[in-house]
Amino acid sequence: MYQFLLDFYQFYPSTISKEKNYYSISYHFDQYFLYEVFDIDRVYWQASITKTDDDYYSFVYNRFHSLISEYEKHFYVLLYCKKKEYLDYDFSIQKYHTCSVSLQWYHQWIKRIEYIESYYYEIKGKYNGIDESIDYYLGLMNLSIYLLSDYKNSTGIGCLQRKKYQKELWYNPLNVMIDLKEREFAEYLKYIFWNNQYQSIDLKNLIYKNRNQYNFQFVLARVVYPNYYFDLVDQIVFFQEDCEHIKGIISRSIEFSQYFDYLVMIIQEIYPIKKVSF
């Protein structure tokens, strides 16, 4: 990749390290990330919608004045990493790029259950951690679908947000999407649980402060939706991720159910929701 960067971007990096799905590049005191991309139209959209927002890393155009660089039949984009500290998001402020969005989770989740069940029967018996836990997490997915059963064809307010709520992807413009604003709030509630921050946060105050911002039926459905588990299952099955990693999720299942029940208790005080518990 050294020659590629010289040919396309006219600099010779100090170091290049291959990470899981990108290259980390150092050049003097600057940091860059090189990603292979597959949906070029989406990349152009992401570049356009984040170009005036200093919160995100910058796309670097190559010497041919193109955002996309084709090399050995693969397509790449280069991002310039601005030095930033991770900041918690203020959900009370106005979101960028708000628009009306249809609720698609209900139908998407049904399709994902069908997909998971179809490939699970092909791998059954190969991964003990998955075999011992998958029925429980399929049950949670069905619970999330149940919570949306009265909203199959609803619409709501969408906003620009992070696709994956991970610290290392927080400023990455390839991680942006537009979806219902409830998704981002719910993913934050899951993030603070999995990163052991929820006990130091006044959850009641957080929810009360945002009580007029969200449909909390959507929020709860998204909180209970176990994307954290099934994303890892996909990594294990298709990308040979260590199956041991799933044990950390399973070991906290009771703690997460207690956390969810506490959120339900708070929300029931301010918002009419279906009766639900793990």
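Over which ring does the charged end of Arg162 sit, and how many Å from its centre?

Modeller: This is a predicted model, in which local features need pLDDT of at least 70 and side-chain atom pairs count only at pLDDT 80 or more, whereas totals for chains, interfaces and linings use all residues. Residues are numbered from 1 along each chain as its sequence is written, and side-chain values use heavy atoms, leaving out hydrogens and water.

The charged end of Arg162 sits over the ring of Trp170, 3.9 Å from its centre (NZ of Lys or CZ of Arg within 6 Å of the ring centre and within 35 degrees of the ring normal). Lys18 has its charged end over the ring of Tyr23, at 5.3 Å from the centre.

Turning to ring pairs, the structure holds 40 of these aromatic pairs (Phe, Tyr or six-membered Trp rings with centres within 6.5 Å; stacked under 30 degrees between planes, edge-to-face over 60, tilted for the rest). Tyr119 and Phe238 are edge-to-face, because their ring centres lie 5.3 Å apart with the planes at 75°. This pair links Tyr119 in helix 3 (residues 105-123) with Phe238 in helix 8 (residues 227-239), 119 residues apart (helices are DSSP runs of H or I, at least four residues, and strands of E, at least two, numbered from the N terminus). Tyr119 is buried at 6% relative accessible area, while Phe238, at 38%, is partly exposed (buried is under 20%, exposed over 50%, partly exposed in between, with a 1.4 Å probe and protein chains only).

Tyr137 and Tyr228 also pair edge-to-face, 6.3 Å centre to centre and 90° between the planes. Tyr137 is buried at 2%, as is Tyr228 at 15%.
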